[in-house]
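Me: I am new to reading protein structures. Could you walk me through a few features?

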Amino acid sequence: MRLPFGERRVPRGTRPAELLREAPADLARRALVAVVDGEVVDLARPLERDAEVRFLTFDDEAGRAVFRHSTTHLLAQAVKRLYPEARLATGPALADRFYYDIQFPEPIGEADLARIEAEMAKVAAEDLPIVREEWSREAARAFFAERGEPFKVEIVDEIPEGQPISVYRQGEFVDLCRGPHVPSTGRLRHFKLLNVAGAYWRGVEGNPVLQRVYGTSFERREDLDRYLWVREEARRRDHRRLGPELDLFSFHDEAPGFAFWRPKGWVLFRELERLSREVQERHGYEEVRTPYIYRAELWKVSGHWEHYRDNMFLSEREGEVFGFKPMNCPGHCLLFAEKVRSYRDLPLRIAEYGPLARCERSGTLHGLLRVRGFHQDDAHLFLREDQIADEIADVVAIVDEIYGVFAMPYRIVLSTRPEDFMGEPELWERAEAQLAEALDRIGRPYRLNPGDGAFYGPKLDFYVTDALGREWQTATVQLDFQMPIQFGLRYVASDGRERTPVMIHRAILGSIERFTGILVEHFAGDFPLWLAPVQARVLTISDEVAAYAREAAAALRAAGLRVEVDDRGEKIGLKIRDAETAKVPYMLVVGRREAEAGELAVRARKGENLGAMTVAAFAERALDEVRSRRLPGALAGREAGEAG
RNA sequence: GCUGCCGUAGCUCAGUCGGUAGAGCAUCUCCAUGGUAAGGAGAAGGUCGCCGGUUCGAUUCCGGCCGGCAGCUCCA
């Protein structure tokens, strides 16, 4: 046997667990499962031949999956003890959690989770060995039928001929399962049941509705605590709570899926647009504004009619159907086609920030993160095929610039041809290869996500990581050979012949609505100064300095800062508290002393006292912070750019 | 869209076993002019999501619809 800690000769039938006796203590203690010639198996699975044997711990993604999958069995066993009538369906591990779909005799609520959890703790304390057995189909069928587990019987029936049917036994509990599993229930100490939701058996509408019990588990207590803290913190930062609280935006029943931007939120929105314009102008983009509503004819040409109609807002007028645009590309194609284009004009980069509308299914709407009306920092690039790699490199450079500003690392995913696609498969393959090649050329790693491309082309999706370590899909770059053909777009090549340009659809922030929602949660409302809707608030100590306060505020506004005055007849403590709650970065306290000296007593957020300074000195300091788009303390040192 | 849950004042929530509702915060008025996270007093504020049914009477029970939440599915 070849082991990470050397080679060993052992008799046939030796178990990986036995090999661990000679392993370093840390590995021996932490190993969860073995990998024998690439196959993940139980530590108790006898070795039949010479092989390379490795061990997985909780540090390995696959190890964590096994660990959490084993926790689902712990959950199932506890449930069967408490509710013998419960019928088990399936219980897989997710990226950071697990769930088990269960049909309870009576629906349970989240209040019941603590009881189940307590029972799980008992099973874990019993430290029951988890043992694999292989059964005949008949035996498995009979067993689960007799135990009143119709879902398990159904699964048994669907296991292909020739594939072994394995069950795992821990104490009195036996579950149908492919495995592998950790060696005993005692390994699973740090777990937490999170929530209950409904789910159809096999995820098919019309099937019986089961209750999906979510939970998570970790090897170490502190990692579980950290996970739960992040969850709780995410709840506190929820943009749906903070947004209205900070006076940024709101929603009304009258327009489901469409945000109302209040003045303060709109400041944020415009600052993001400003950042985008600033960067893109430097990269040779030209901004346009095209119509919102087009005849159905256009959507038939672009392919949206066939592939995207269900998501479009359509209406009929004078016997004709019109559609509100869900994307800008067809409009930009019309613009491109207006003139005879030379190869010298390419790449032509057309940007637009106008409104888009997509009729998302009602159940998918979610605050600003998923809306029906939104704006993108959208652009369409028309180029020659030989310009693809350079142009993609340039787009990635823009991504770096923009996400660097927010200290958000990202990773890239390449999505390929979906089932519902347009055009010739060969063109798709060419486009997919070109995207991969462009990334290779600038040395950017990426992952593959087959079948997830847009209907007109493969794409690169950028997943950014926020301050809580959560990932969000934001930027997207889509390579499209189809639409230029559909629209009959041409340019005159250097040899005088007409050729079809290639198109790149790209957005960096993505939906600005969505991105604002992400930022609210990323910063927990504590925006960097350049984004803060109110950058400073002048607070008066008594009525007699109100005039001076207004004067100082006017001077700061004239300098280009967003400033409010709080001259209410309240105590300074209350005004500080209110400004702190509103997350105003600078509080400028003004009393008789400051009024006489022409100064401001500057208090930064979180109570830091910066002392008294003149109005001009504060303006200079603040403007410098705005211009540099500096980040607030906690994020300032964070690694930006690529996450690999 | 589907399943489950929810919808009472601007916000957070209590309450009515069927007899048209209450607290805190916010708002307004008055007193207090107070130096770094809540000064005091008073007032005003609700077609109890919408429509229908049952009932002498519905915010409460029933049904439908709308919206929200957790998921499923889908995705910027």
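This is a predicted model: local features need pLDDT of at least 70, side-chain atom pairs count only at pLDDT 80 or more; totals for chains, interfaces and linings use all residues.

Me: How is a pair of aromatic rings described?

Reply: By the distance of the centres and the angle of the planes. Rings of Phe, Tyr and Trp (its six-membered ring) pair if their centres lie within 6.5 Å; planes under 30 degrees apart are stacked, over 60 edge-to-face, and the rest tilted. That rule gives 26 aromatic pairs here. One of them joins Tyr403 and Phe515, edge-to-face, at 5.8 Å centre to centre with 70° between the planes. Tyr403 belongs to helix α13 and Phe515 to helix α16, so this pair ties together parts 112 residues apart in sequence. (Helices are DSSP runs of H or I, at least four residues; strands are runs of E, at least two; both are numbered from the N terminus.)

Me: Are Tyr403 and Phe515 buried or exposed?

Reply: Both are buried, meaning under 20% relative accessible area, with exposed over 50% and partly exposed in between (1.4 Å probe, protein chains only).

Me: Now the strand: which way do the residues of β31 point?

Reply: Tyr586, Leu588 and Val590 point one way, Met587 and Val589 the other, and all are buried.

Me: Which strands pair with β31?

Reply: Strands pair if DSSP finds at least two bridges between them. β29 pairs with β31 in the parallel sense over five bridges, while β32 runs antiparallel to β31, joined by four bridges.

Terms used. Residues are numbered from 1 along each chain as its sequence is written. Chains are lettered from A and ligands numbered from 1 in the order in which they are written. Side-chain values use heavy atoms; hydrogens and water are left out.
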